[in-house]
Amino acid sequence: MKSKKTPVVDFRQAQEDLRGTLRQGMLDAATRLLTEEGPAALTVRRVAEAVNCSTTLLYSLFGGKDGLANELYLEGFARLKAAFADAAVQAAKKKSAQQGLEPLLLHAKVYHEYAKRNPSYYMVMFGDAIAGFVPPVESRNQAWESLAALIETFEQVMESGALPKSDPTAAARLLWAAMHGAVSLELKGYYLKTERADELFNAAVNAVLRSLRVGG
């Protein structure tokens with residue numbers, strides 16, 4: 001009868017696994033504080049208390065509040081990217097959603113709905129929700145990659161002839177600027193009625209698309 005081998009304990013790997021578990025737990029706690037109480041609740045002390053650990057450990061894992069804020073910044077863009085991907089899968093099942101300017105209008109709708117469902121994340125991603133936090137260059141580059149789907153959508157629409165051919169990246173940046181401007185005003189409470197906010201967002205999107213259609 002063969003003897004059973006005693007499993008070898010890899011102490012270093014166990015440490016890394018524990019570190020990863022603690023890190024994810026802190027991110028989950030920070031996300032709960034962000035979504036339930038808003039950016040003002042994102043303090044090192046509150047996050048540490050939420051997972052019953054010392055602030056020293058949090059500094060060790062993230063390098064402080066800025067490191068934690070950067071992870072939330074990247075998570076917000078990852079969620080937005082996933083929302084675009086889900087919408088693309090659904091649109092592929094409907095031929096009507098792939099005709100004319102519909103792909104761009106769908107993209108704008110997903111962007112708007114994401115911002116309304118995740119206002120705290122949105123303000124971390126695009127606003128000044130966390131005082132003093134400036135995303136590092138590599139994080140900003142990664143964030144822009146999350147919006148690459150918009151460039152691809154412009155390429156698709158231009159190839160179909162629904163829009164004149166031009167620089168799809170420049171077109172994407174123009175539409176993004178218009179959407180962000182309208183959404184920021186909405187989230188900061190400048191529109192008193194929800195329907196008015198929706199109307200102005202759609203008007204901003206359509207104005208950009210009309211401009212691109214006539215080559216303005």
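Biologist: Which way do α4 and α7 cross, left-handed or right-handed?

Modeller: In this predicted model, the crossing of α4 and α7 is left-handed.

Biologist: And at what angle do the axes of α4 and α7 cross?

Modeller: Roughly 15°, with the two axes coming within 9 Å. Angles under 35 degrees count as roughly parallel, so α4 is roughly parallel to α7.

Biologist: Which residues make that contact?

Modeller: From α4 there are Asn70, Tyr73, Leu74, Phe77, Ala78, Lys81 and Phe84. α7 brings Ser139, Arg140, Gln142, Ala143 and Ser146.

Biologist: How many of those are nonpolar, polar and charged?

Modeller: The contact of α4 with α7 has six nonpolar, four polar and two charged residues.

Biologist: OK, what about α4 and α6? What angle there?

Modeller: α4 and α6 pack at about 115°, and their axes are 9 Å apart. The range from 65 to 115 counts as roughly perpendicular, and α4 and α6 are therefore described as roughly perpendicular to each other.

Biologist: Left-handed or right-handed?

Modeller: The crossing of α4 and α6 is left-handed.

Biologist: I keep seeing Tyr73 and Phe77. Where else do they turn up?

Modeller: Both belong to the α4 side of the contact with α7 and to the α4 side of the contact with α6. Tyr73 and Phe77 are also among the residues nearest the centre of the second largest pocket.

Biologist: Which other residues lie nearest the centre of that second largest pocket?

Modeller: Met125, Pro135 and Arg140 are named with them, and the pocket is lined by 15 residues. The elements giving two or more residues to this lining are α4, α6 (119-126) and α7 (137-146).

Biologist: What volume does it have, and how does its lining split by class?

Modeller: The second largest pocket has a volume of about 220 Å³. Its lining has 12 nonpolar, one polar and two charged residues.

Biologist: Then the largest pocket. How much space lies in it?

Modeller: About 280 Å³. Of its 15 lining residues, the closest to the centre are Ala88, Pro103, Leu106, Thr153 and Gln156.

Biologist: Which helix gives the most to the lining of the largest pocket?

Modeller: α4 does, with five residues. At least two residues each come from α4 (65-92), α5 (102-117) and α8 (148-160). The lining as a whole has 10 nonpolar, four polar and one charged residues.

Biologist: Switching to cavities. How many of 30 Å³ or more does the structure hold?

Modeller: There is one cavity of 30 Å³ or more, and about 30 Å³ of space lies in the largest cavity.

Biologist: What lines the largest cavity?

Modeller: Leu42, Lys65, Leu68, Ala69, Leu72 and Ile130 do. Five residues of that lining are nonpolar, none is polar and one is charged. Ala69 and Leu72 are also on the list for the contact of α4 with α6.

Biologist: Last one, back to α6. What about its crossing with α9?

Modeller: The axes of α6 and helix α9 (residues 168-187) come within 11 Å and cross at roughly 125°. An angle of 65 to 115 would count as roughly perpendicular and one over 145 as roughly antiparallel, so α6 and α9 are oblique to each other. The crossing is left-handed.

Biologist: Which residues are in that contact?

Modeller: α6 puts in Pro119, Tyr122, Met123 and Phe126, while α9 puts in Trp176, His180, Val183, Ser184 and Leu187. They divide into seven nonpolar, two polar and no charged residues. Phe126 is also one of the α6 residues in the contact with α4.

Key: Residues are numbered from 1 along each chain as its sequence is written. This is a predicted model: local features need pLDDT of at least 70, side-chain atom pairs count only at pLDDT 80 or more; totals for chains, interfaces and linings use all residues. Side-chain values use heavy atoms; hydrogens and water are left out. On a 1 Å grid over the protein atoms alone, a cavity is a set of points where a 1.4 Å probe fits but cannot get out, and a pocket is an open set with protein on both sides within 12 Å along at least five of seven lines; lining residues have an atom within 4 Å of a point. Grid points are joined across faces, edges and corners, and a volume is the space filled by probe spheres set on the points. Helices (H or I, at least four residues) and strands (E, at least two) are DSSP runs, numbered from the N terminus. Ala, Val, Leu, Ile, Met, Phe, Trp, Tyr, Cys and Pro count as nonpolar, Asp, Glu, Lys and Arg as charged, and the others, Gly among them, as polar. Axes are lines fitted to C-alpha atoms, for helices over the stretch in contact, and angles run from 0 to 180 degrees between N-to-C directions. A crossing is left-handed if the near helix is turned anticlockwise from the far one by less than a right angle, and right-handed if clockwise. Contact means heavy atoms within 4.5 Å.
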